[in-house]
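Please find below a colleague's note on the model under review. The points follow after the display.

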Amino acid sequence: MPYTADKPKISFSTDELRAKIPGWGVDLDPRDRPSVPRERFEPTGAHWDFPERQEEKWPRERSVEHKFLTPVFGTACPPKGVSGAMRKYAYGYSEGRAAHWLILLAADRVDAVENHLRSFATLHPDNPITETGVLSELTRHGIRSRFGHNRADLKHMWLDPIIVAGPWVVAAGAACAAVKRVRKRRHD
Amino acid sequence: MLAMVYRGPYKVRAEEKYMPTIEHPNDAIVRVTLAAICGSDLHLYHGMMPDTRVGMTFGHEFIGVVDEVGSSVQNLKRGDRVMVPFNIYCGSCYFCARGLYSNCHNVNANATAVGGIYGYSHTCGGYDGGQAEYVRVPFADVGPSIIPDWMEDDDAVLCTDALATGYFGAQLGDIVEGDTVVVFGAGPVGLFAAKSAWLMGAGRVIVVDHLDYRLEKAHDFAHAQTYNFTEYDDIVVHLKRVTDYLGADVVIDAVGAEADGNFTQQVTAAKLKLQGGSPVALNWAIDSVRKGGTVSVVGAYGPIFSAVKFGDAMNKGLTLRMNQCPVKRQWPRLFEHIQNGYLKPSEVVTHRVPLEHIAEGYHMFSSKLDKCIKTLVVPSAE
């Protein structure tokens, strides 16, 4: 009880814990814990003081909090299109600014729309049925897994289809309305 | 080659993609033999992590066989069976020289607040990940290790993140003999953190989640007392009650950005992306640990602000400890524990899916179908 000085007693003695739990206490001594102390030099295999520089094949976006482009960097998905322009703009702000992250998040949404539209001009258009994996609801006990277990996530799971399909439904509705309006104008 | 590709929130597919190439003299190309989907991959999958680009391949838990090495690679050769820590790190910067491999300053051009991580958005460096047939592995002399002959693939792939992170989380708690340790989250990292707490001498380990099948696993696998927070009006008060109103000595947050338990927090964070993460588990940790206690955070959060109850942490005099795990530092000791039979990481594996069916794998894991705890991904390249 915190109202007196003693630490609450635990149910099992040290010997009982050792007998019950394989390996109980083998890392009791902090010296046996690999991340104690937090900062400690260990040989890493590096045979350089500063790594050789990777070739920069396009103007690589980087945090303004870096003095220079890091010697090694990822080359996946170079920025392109409107989302790419937004991302390059976002990198003008430091990581400490909300604008940096919020513009990047907005660019992610624009990127998704750009790529979905672009996919319709390819032989491999986006398919929301296969790409959401929703068919696994049938093979992986979607109903039995969810209901009757008092799962906390059921309270908001209904939002997921709206998040995935909502923008497309709105876009399709807007497209239909636009077509109707054009037809009506021609008719008039 | 075949690779998992992100197509926007809640959408992924397997598609043919260019083969990775050597881009730096210390790169290696690894043919992936086994990968895993991590709980933190779901933050990307749900579109929560800024600068997650369509076309990116996720996957920071993988093992494989070296297919090609760059001109300066000395420690690996073609044909070596390797395990690759999720951290990409140079081994020589200010932070690596101090063992903080997850905070390397030479590998992430996009951000200084986080190191490099395979397949984890451009915020973590813009590297494609290992849910693919092949992957580029930078600093091949530093990160990867040859898998010991006695170690099975399923155990090895779990050492690349989940096991190491759980073990690291328990260390951050600075557990002393007889401590009461509460772990929020009964996913793989939480299960390993609970199990590791015993190795460090905990006197009592409690695991909290809302999924009964995971709590059963925590009881059987990690010998933990378990509580389903949906069964209590206020889980913090319940934890106070079961600790004689003192609170736990150490609380480990193994949930991170998509914590359930508060509708507003969950929706504003995971659905509307207005927070870097839903801090429900973190706030419960702050409130249920005793004054002067330690909160260890190994659940992943995004870089924007979250509504964390910092005043309580200050007024209670808490020690808050956290980081991405420097994986390779953990390996020698973890290997001993696996060999001695104290840890058997593959016991948390519940499913394996072929890479071709990656979308089903993500949906199942994200929706917690079929009592899913850990899903392995099996590429087919030979």
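Which residues of helix 2 (residues 81-90) of chain A are buried?

1. In helix 2 of chain A, the buried residues are A:Ser83, A:Met86, A:Arg87 and A:Ala90. A residue is called buried if 20 or more other C-beta atoms lie within 10 Å of its own, exposed if 12 or fewer, and partly exposed in between, with C-beta atoms placed from the backbone. Helices (H or I, at least four residues) and strands (E, at least two) are DSSP runs numbered from the N terminus. Viewed down the axis of helix 2 of chain A, the buried residues fall within an arc of 100 degrees, so they line one face of the helix; the arc is that of the directions from the helix axis to the C-beta atoms. These buried residues pack against helix 3 (98-119) of chain A, where contact means C-beta atoms, placed from the backbone, within 7 Å.

2. On provenance, this is a predicted model, in which local features need pLDDT of at least 70 and side-chain atom pairs count only at pLDDT 80 or more, while totals for chains, interfaces and linings use all residues. Residues are numbered from 1 along each chain as its sequence is written, and chains are lettered from A and ligands numbered from 1 in the order in which they are written.

3. Two loops of chain A deserve mention. A:Pro37, in the loop between helix 1 (14-20) and helix 2 of chain A, is joined to A:Val36 by a cis peptide bond with omega of about -5 degrees. A:Gly148 sits in the loop between helix 6 (142-146) and helix 7 (154-157) of chain A and counts as exposed because it has 9 C-beta neighbours inside 10 Å.

4. Helix 8 (residues 280-288) of chain B is mostly covered, with 8 of its 9 residues buried. Its buried residues pack against several elements of chain B, among them strand 10 (180-184), helix 7 (263-271) and strand 14 (289-297). Helix 6 and helix 8 of chain B pack at an angle of about 35 degrees, their axes 9 Å apart; axes are lines fitted to C-alpha atoms, for helices over the stretch in contact, and angles run from 0 to 180 degrees between N-to-C directions. The contact is made by B:Ile235, B:Val236, B:Leu239 and B:Lys240 of helix 6 and by B:Trp284, B:Asp287 and B:Ser288 of helix 8.

5. B:His223, with phi near 55 degrees, lies in the loop between helix 5 (212-222) and strand 12 (225-228) of chain B, and its 18 C-beta neighbours inside 10 Å make it partly exposed. B:Lys273, with phi of about 55 degrees, is in the loop between helix 7 and helix 8 of chain B; having 22 C-beta neighbours inside 10 Å, B:Lys273 counts as buried.

6. Chain B is divided into domain 1 (2-160 + 326-378) and domain 2 (162-322), with bounds from an automatic or database domain assignment. The contact takes 28 residues from domain 1 and 24 residues from domain 2 of chain B. On the side of domain 1 that touches domain 2, the largest share, 4 residues, comes from helix 10 of chain B.

7. Between the chains, the contact takes 90 residues from chain B and 84 residues from chain A. Elements giving two or more residues to the side of chain B include strand 1 (2-8), helix 3 (162-172) and helix 11 (358-367) of chain B.

Notes
Contact = placed C-beta atoms within 7 Å.
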